[in-house]
Amino acid sequence: MKLRLTLLTAATLTAFSFAAHAAEKGTIMIMVNSLDNPYYASEAKGASEKAQALGYKTTVLSHGEDVKKQNELIDTAIGKKVQGIILDNADSTASVAAIEKAKKAGIPVVLINREIPVDDVALEQITHNNFQAGSEVANVFVEKMAEKGKYAELTCNLADNNCVTRSKSFHQVIDQYPDMVSVAKQDAKGTLIDGKRIMDSILQAHPDVKGVICGNGPVASARLRR
């Protein structure tokens, strides 16, 4: 994972170098979900360190997967006339307008991790293979379940294309095993708090559930902390 993030951030800053090759280097604003999450913190750290090594100043901010807050931060970036924005966006579809606004203001936006369903808006979209990752997780899950038993699924955020893809890949694997029985599938919105609340509800309704497959780290942590 660390290697993938290093390559991702290097590719991101390379994109900016091409876009601003003749421009004076200024500030790059980096926006991710929650800096309390090690994954997003690593994204921000890698991007910031690489940008600074290339001579840019950086500002690292968290939108907390709140579209309104993210859009306000993008407006701030436009007002400050930053050199570019590196964004792990708050919502695949709802973020398009703000990214277009930055582009019209002459500020390139590079998206990392979560793509948007529109081409030619962001300078680059740098993502990973969620389907492959989800399939690998599902294969391990089936093995640990000994190919049978009741299980629940906590999705990370069904407004996020990445999470939808992971869920589809889970089922492409798990549904091949007829003795694997799904008793619940609920959207935990990608957060620890929602994950714990939903997990408590599932266990009350299905105390004999044998396993839980989760769409991201915070949701999985909710299950572990129950």
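Which residue in E5 stands opposite Ile112? Select Ile112 and then Ile126, its counterpart in E5.

The model is predicted, so local features need pLDDT of at least 70 and side-chain atom pairs count only at pLDDT 80 or more, while totals for chains, interfaces and linings use all residues. Residues are numbered from 1 along each chain as its sequence is written, and side-chain values use heavy atoms, with hydrogens and water left out.

Next, display the sheet. Its 5 strands follow the order E2-E1-E3-E4-E5 in an open, parallel arrangement. Strands (E, at least two residues) and helices (H or I, at least four) are DSSP runs numbered from the N terminus, and two strands pair if DSSP finds at least two bridges between them. At the edges, strand E2 (57-62) and strand E5 (124-126) each pair on one side only. From one strand to the next, the twist averages 15 degrees.

Move to strand E4 (residues 109-112), which 3 bridges join to E5 in parallel. E4 also pairs with E3 in the parallel sense over 3 bridges; there, Ile86 has Val110 as its bridge partner. Follow the chain from E3 through helix H4 (residues 96-104) to E4: this β-α-β crossover is right-handed (clockwise from the first strand over the helix to the second, with the strands pointing away from the viewer).

Now select E3. Gly84 and Ile86 on one side, and Ile85 and Leu87 on the other, are all buried (under 20% relative accessible area, 1.4 Å probe, protein chains only). E1 is joined to E3 by 4 bridges, in parallel, and Met31 has Leu87 as its partner.

Finally, select helix H2 (residues 38-53), which lies across E1, E2, E3 and E4 and runs at about 170 degrees to E1. Contact means heavy atoms within 4.5 Å; axes are lines fitted to C-alpha atoms, for helices over the stretch in contact, and angles run from 0 to 180 degrees between N-to-C directions.

Key. Buried < 20%, exposed > 50% of the residue type's maximum accessible area, 1.4 Å probe, protein only.
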